[in-house]
Amino acid sequence: MIESVQVPNSAAVNQTLCFLGFQTAMDHAELTTDQVLRRDIPWETYMSTKLISGTSLQLLRRYDHRSESHRAQLLDDDGPAYVRVFVHVLRDIFKEDTVEYVLALIDEMLAANPKRARLFHDSSLSDEDTYEPFLRNWFIQEKSCKILALIVSARPKNQNGVVSNGDTSKKPFTTIDDVLRALVKWLCEQLKKPSHPNRGVPTAVNCLATLLKEHLVRSSFVQADGVKLLVPLISPASTQQSIQILYEACLCIWLLSYYEPAIEYLATSRALPRLIDVVKTSTKEKVVRVVVLTLRNLLSKGSLGAQMVDFQLPQVVQSLKAQAWSDEDLLEALNSLEEGLKDNIKKLSSFDKYKQEVLLGHLDWSPMHKDPLFWRENINHFEENDFQILRVLVTILDTSSDPRTLAVACFDISQFIQHHPSGRIIVADLKAKERVMKLMNHENTEVTKNALLCIQRLFLGAKYASFLQA
């Protein structure tokens, strides 16, 4: 058993403590709150050595090993006094059994009523540093991390919802920035390499679901590249524990969907298709609700609306609406998402839709491909970003194994040759001819037919290309 000692605040000592703390967490990770609360703590000994006062002893003895209802009444009557005692014990006593016991008391207190976290911000405690004891011990106890997350989120707010920072002149006190930076760092470490194989990730996700309401935490989390650590957790789940982790991970993504820098990452990751897969397969109402709310938030952000259409989210929403949900908020969110998707589809120009299809690399015979008006009206758009879309079409000829996609790509390149004044020259410069010629020996007749059309237009040029039909 590692006995904690008070140490100076230096980086080297902090690193040593951190290592010892992780080992202790592994040694004690299987302890339950109930097991810890069955301990008998020698409070009288602590009073005789002046580690606690006589008043603290009386408060602890009234609270110790009492029923939940009795403790609740004590907290209602004199909650700040008990918080002061708990904080003093964590600050002044370093025996591990006692630290774990007090953490378990606080954890039980907050689990019964999370609003009690506000007691740590009572005006009578303005002379106490209520963060520091948890920061000192939090990395060796998952309980401390959860408790600290609740205390931080319970900071008092003014009428406009802005957090009050209190008296900033108290320099010796731990600042909220210190707390949040330390918490985010540890939580990211747990998501990368959990210190406990079964409880590290659930603890981290649970705390993030509370803390990501804070703007500072969102900023620190994104800067720490934490978003990519959450995305793999968004996948269909079956067991009760995995469903809870999935729910809290989706809750984190929902909170991040209010923060623009996080949205930029979500837009370029696999988050969107993962969210849609989850909402298609999940039967848990709370999971479906938080995912639908997230999708509704993301709908108007950049190209995400167009991607949702490409991932067939409108059809998914129709299927969800046909199911029997009891949550009125979910039904309202589904209706809102459906209307938003309809508006998004209306706003998309035909070329926007075409561009999304090409960039996703899965082509089909949608009407625009064979519509001469589409090509006449949009041929100049192909020049954007140094002929980006044309280059992607040529790349698809090398990379795709889907016959339909290959056939459509050949056809579209032939359409570009026909409608663009310099189409033949541009396509030749992109070395498309060699790629198309290889496809003339393809086993699929649809591919060979459209490869032949493309080659004919390449050789004949725009003047005679219009006489060829697909």
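Predicted model: local features only at pLDDT ≥ 70, side-chain atom pairs only at ≥ 80, totals over all residues.

Modeller: Residues are numbered from 1 along each chain as its sequence is written, and side-chain values use heavy atoms, with hydrogens and water left out.

Colleague: How many helices and strands are there in the chain?

Modeller: Helices (H or I, at least four residues) and strands (E, at least two) are DSSP runs, numbered from the N terminus. On that count, the chain has 0 strands and 27 helices.

Colleague: What share of the residues of the chain count as buried?

Modeller: Buried means under 20% relative accessible area, exposed over 50%, and partly exposed in between (1.4 Å probe, protein chains only). Of the 470 residues in the chain, the buried share is 48%.

Colleague: Is Ala306 buried or exposed?

Modeller: Ala306 is found in helix H17. Leaving out residues up to four places away in sequence, Ala306 touches Asn344, Leu348 and Gln356, where contact means heavy atoms within 4.5 Å. Its relative accessibility is 7%, so Ala306 counts as buried.

Colleague: And how far apart in space are Ala306 and Lys355, C-alpha to C-alpha?

Modeller: In sequence, Ala306 and Lys355 are 49 residues apart. In space, C-alpha to C-alpha, the figure is 10.0 Å.

Colleague: Which helices are included in what covers the buried residues of H20?

Modeller: Helix H20 spans residues 350-360, and its buried residues are Phe351, Tyr354, Gln356, Glu357 and Val358. Their cover includes helices H17 (304-310), H21 (372-378), H22 (384-399) and H23 (403-419).

Colleague: Where is Lys50 found, and why does Lys50 count as exposed?

Modeller: Most residues other than glycine have a negative phi, and most peptide bonds are trans. Lys50 has a positive phi, near 65°. Lys50 is found in the loop between helix H3 (43-48) and helix H4 (54-63). Lys50 counts as exposed because its relative accessibility is 74%.

Colleague: Is His65 buried or partly exposed?

Modeller: His65 lies in the loop between H4 and helix H5 (68-92). Although His65 is not a glycine, its phi is positive, about 55°. With 39% relative accessibility, His65 counts as partly exposed.

Colleague: How many aromatic pairs does the structure hold?

Modeller: Rings of Phe, Tyr and Trp (its six-membered ring) pair if their centres lie within 6.5 Å; planes under 30 degrees apart count as stacked, over 60 as edge-to-face and the rest as tilted. By that rule, the structure holds 17.

Colleague: What kind of aromatic pair do Trp254 and Tyr258 form?

Modeller: The ring centres of Trp254 and Tyr258 are 5.6 Å apart, with 80° between the planes, so by the cut-offs the pair is edge-to-face. Trp254 counts as partly exposed because its relative accessibility is 22%. Tyr258 has a relative accessible area of 48%, so Tyr258 is partly exposed too. The kind of pair asked for is edge-to-face.

Colleague: Which residues do ring pairs link into a cluster?

Modeller: Phe374 and Trp375 form an edge-to-face pair, 5.4 Å centre to centre with 85° between the planes. Phe374 and Trp375 are both buried. The cluster linked by ring pairs is Phe351, Tyr354, Phe374, Trp375, Phe382, Phe387 and Phe416.

Colleague: Which ring does the charged end of Lys286 sit over?

Modeller: A charge sits over a ring if NZ of Lys or CZ of Arg is within 6 Å of the ring centre and within 35 degrees of the ring normal. The charged end of Lys286 is 4.6 Å from the centre of its ring, which belongs to Tyr247.

Colleague: Last one: how many nonpolar, polar and charged residues does the contact of H25 with H26 have?

Modeller: Lys433, Val436, Met437 and Leu439 of H25 meet Val447, Thr448, Ala451, Cys454, Ile455, Leu458 and Phe459 of H26. Ala, Val, Leu, Ile, Met, Phe, Trp, Tyr, Cys and Pro count as nonpolar, Asp, Glu, Lys and Arg as charged, and the others, Gly among them, as polar. By class, the contact of H25 with H26 has 9 nonpolar, 1 polar and 1 charged.
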